[in-house]
Amino acid sequence: MRRYQCFIGGQWRQPASGDYFESFDPFLAQPWALIPRCDARDVDAAVAAARQALEQGEWANMHPSQRGQLLRRFGDLIARDADHLARIEVQDNGKLYAEMRGQVGYIPQWFHYFGGLADKVEGAVVPIDKPDMFTYTRHEPVGVVAAITPWNSPLLLATWKLAPALAAGCTIVIKPSEFTSASTIELMRLVEEAGFPPGVLNVVTGFGADVGEPLTSHKGVDKIAFTGGENSGRHVLRNAAQTFKRTTLELGGKSAQLVFPDADLDNAVKGVVSGIFAATGQTCIAGSRLLVHESIHDAFLDKFVALARTARMGDPMNMDTQVGPVTTKPQYQRVLSCIAMAREEGAECVMGGKPADRPECGQGWFVEPTVFAGVNNAMRIAQEEVFGPVLSVIKFREDDEAYAVANDTAYGLAAGVWTNDQRRAFTAARRLRAGTVWTNTYRAVSYMAPFGGFKASGIGRESGQDAIMEYLETKCVWMSYGKDVPNPFVMR
């Protein structure tokens with residue numbers, strides 16, 4: 001098996017504990033790599049290295065345009081090695097190579113975009129209403145960032161944090177998921193090659209109690225950028241509150257796809273299938289609730305099931321595979337428990353609903369694409385995030401009812417709207433309480449477009465121009481050019 005090391009202060013190191021743990025290939029259900037089991041000692045070293053790079057030396061004194069050049073070079077190196085990085089991702093998280101290759105191939109655009117933005121962060125002169133004063137604002141890096149990433153798209157979701165943070169001049173300690181650490185460690189080889197000064201990027205791997213807890217509560221960390229589950233997000237936010245760390249949280253979702261009677265049904269069927277069964281449903285934006293108008297419900301469901309039944313399951317490295325395994329064994333067991341819960345609630349399973357018993361799935365953690373009809377929005381299967389290939393189907397009569405049901409959840413990450421009525425499309429975009437609303441498409445993302453959620457789906461935005469501001473503090477500077485200091489006991 002491949003044995004990895006952690007990356008701290010520009011050096012490859014064994015963990016302070018000397019211990020390693022296994023990373024499993026979800027398709028083979030077998031270990032393939034050994035990952036360093038770091039602890040608080042490694043966290044301390046990584047935070048110290050990041051702090052030193054932030055405050056002293058080359059990175060601290062680097063002009064923003066030079067930072068931009070480094071980011072663009074880093075992006076170019078990722079593009080060069082995209083195939084290798086994608087294969088590591090597939091081996092570690094079981095997602096389709098076809099998707100991972102496209103995803104990793106798109107990642108360089110984030111570093112090119114934010115590399116171009118690095119020297120375009122401008123302050124402003126304030127036309128202040130005080131005599132003999134010159135007042136202006138400047139933006140400075142928030143400081144040392146703890147970036148904590150999940151197992152479903154490790155490199156993409158790390159990139160959403162790294163690119164704007166580096167462009168802003170921050171330094172970073174990354175903690176990837178213990179289930180999928182390999183690709184993030186591999187990325188650090190390109191950090192070296194790109195020429196980032198030591199300590200600018202650091203990786204510590206391991207478990208939440210050993211690494212996540214000391215990292216998110218560390219006094220030397222100024223900001224936490226976290227992607228993960230809602231409960232973990234609450235814990236991160238509590239830790240951050242102890243020292244008032246800035247936070248960006250991208251959490252869960254229970255996103256609705258609304259299909260109106262005027263929609264192009266064939267396109268809507270394909271979009272809803274993509275929204276829930278692509279990536280095996282293991283995405284925060286999964287369109288896991290289908291709200292379909294009662295007049296087209298039966299016809300739509302028939303078309304949907306007919307298309308979904310054709311999904312090819314199997315080896316994620318095979319370009320013909322359309323649905324891969326669940327990434328981790330605990331998540332596989334959770335998906336099956338959610339399916340059992342839906343049956344207990346009285347939902348009708350019209351497709352799937354069990355482990356995939358197919359020769360092409362081997363020993364992997366596969367769950368058949370599953371559809372429940374007859375769901376009402378009060379059921380737990382309609383309210384709780386499954387993070388797997390499970391769809392809940394809900395009928396509606398009126399547009400207002402559809403918007404009310406779509407918004408009736410603790411989450412507010414995304415929504416999909418399928419309609420050919422322009423007025424309805426704009427109304428839906430206004431009425432739906434979600435950070436992203438797609439119309440006649442789904443799962444589209446870009447480095448140029450802000451992404452984040454309402455309500456329990458998170459705090460802050462990633463990607464787009466909004467993202468760099470998440471990693472900057474605004475400072476206001478006052479300069480008096482008057483000859484005499486006025487009465488010191490009176491506020492000016």
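Predicted model: local features only at pLDDT ≥ 70, side-chain atom pairs only at ≥ 80, totals over all residues.
Reader: How far apart are the end C-alpha atoms of helix H1?
Author: H1 covers residues 40-55, which makes 16 residues. At 1.5 Å a residue, that helix should span 22 Å. The model agrees, as the end C-alpha atoms are 22 Å apart.

Reader: Within what arc do the buried residues of H1 fall?
Author: The buried ones are Asp42, Val43, Ala46, Val47, Ala49, Ala50, Ala53 and Leu54. An α-helix has 3.6 residues a turn, so residues three or four places apart point the same way. Looking down the axis of H1, you see its buried residues lining one face of the helix, because they fall within an arc of 160°.

Reader: And which residues are exposed on the other side of H1?
Author: Exposed here means over 50% relative accessible area. On the other side of H1, the exposed residues are Arg41 and Glu55.

Reader: Which helices do the buried residues of H1 pack against?
Author: Some of the partners are strands: S2 (6-8), S8 (144-148), S9 (171-175) and S10 (201-203). The helices they pack against are H2 (57-60) and H9 (208-216).

Reader: What radius of gyration does the chain have?
Author: The secondary structure comes to 17 helices and 23 strands, and 57% of the 492 residues count as buried. A compact globule with 492 residues would have a radius of gyration near 23 Å. The chain agrees with that, at 24 Å.

Definitions and conventions. Residues numbered from 1 in each chain as written. Heavy atoms only, no water. Helix = DSSP H or I, 4+ residues; strand = E, 2+ residues; numbered from the N terminus. Expected span 1.5 Å × (residues − 1). Buried < 20%, exposed > 50% of the residue type's maximum accessible area, 1.4 Å probe, protein only. Arc of directions from axis to C-beta. Contact = heavy atoms within 4.5 Å. Rg over C-alpha atoms; globule rule 2.2 N^0.38 Å.
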